[in-house]
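Open your viewer and get the selection tool ready. We will go from stop to stop together.

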Amino acid sequence: MKNDVVYAGFWIRLVASILDTLFLALPVGIFIYFLSDGNWFDFSQYQQNISYAMSGNAQKALASQPKTSTGWELVFQLSVLLTTLLFWKRWRGATPGKKIVHVKVVDAKTFQDINNKQAIIRSVGYIASTLTFLAGFFMAAFREDKRGLHDLIAGTAVIYDLEQKR
């Protein structure tokens, strides 16, 4: 099995992440925004900040940050986590973005499907990858096994799904 493994590199994982944002996080976010009756965050302040930034007044845009509801933000984050876990279970380690680019998350040693514990640890591991000024994500570009910090923490790897490509 190990000879058949092709690790997914940084760029294909980035594409999958962007697609997941479009097809998974954005719809969940829109749903949560309307569920909160617009109380999750002040969308008008985001629009104002974009206008400031587009007109070259980045300092004013940064000075007035929108107010967000911590409770609704937590609901959003947990909803994305649960949705991701459901996709990983249903599609054997893939989210919509990973499915489109033919990659999946597997156990780093056995290359079998990940378990719920690994899925949760990997998702929480994104925090560590982010808090290292994204270095945890960029690790995948430089390691032979293309694993990011969150993969190392969870004992996972992202590989090409060769069966799906056939």
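By class, how many nonpolar, polar and charged residues does the lining of the largest pocket have? It has 20 nonpolar, eight polar and four charged residues (Ala, Val, Leu, Ile, Met, Phe, Trp, Tyr, Cys and Pro count as nonpolar, Asp, Glu, Lys and Arg as charged, the others, Gly among them, as polar).

A note before you click: this is a predicted model, where local features need pLDDT of at least 70 and side-chain atom pairs 80 or more, while totals for chains, interfaces and linings use all residues. Residues are numbered from 1 along each chain as its sequence is written, and side-chain values use heavy atoms, without hydrogens or water.

Select Ser-17, Thr-21, Val-80, Tyr-126 and Phe-137, the closest to the centre among the 32 lining residues. Next, colour α1 (10-35), which gives the largest share of the lining, 11 residues.

**Stop two: contacts of Leu-19.** Leaving out residues up to four places away in sequence, Leu-19 touches Leu-24, Gly-97, Ile-100 and Val-101 (contact means heavy atoms within 4.5 Å).

**Stop three: Lys-67.** Now move to the loop between α3 (58-63) and α4, where you will find Lys-67. Lys-67 counts as exposed because its relative accessibility is 66% (exposed is over 50%, buried under 20%, partly exposed in between, with a 1.4 Å probe and protein chains only). Show Trp-40, Phe-41 and Asp-42 too: Lys-67 touches these, not counting residues up to four places away in sequence.

Note on methods. On a 1 Å grid over the protein atoms alone, a cavity is a set of points where a 1.4 Å probe fits but cannot get out, and a pocket is an open set with protein on both sides within 12 Å along at least five of seven lines; lining residues have an atom within 4 Å of a point. Helices (H or I, at least four residues) and strands (E, at least two) are DSSP runs, numbered from the N terminus.
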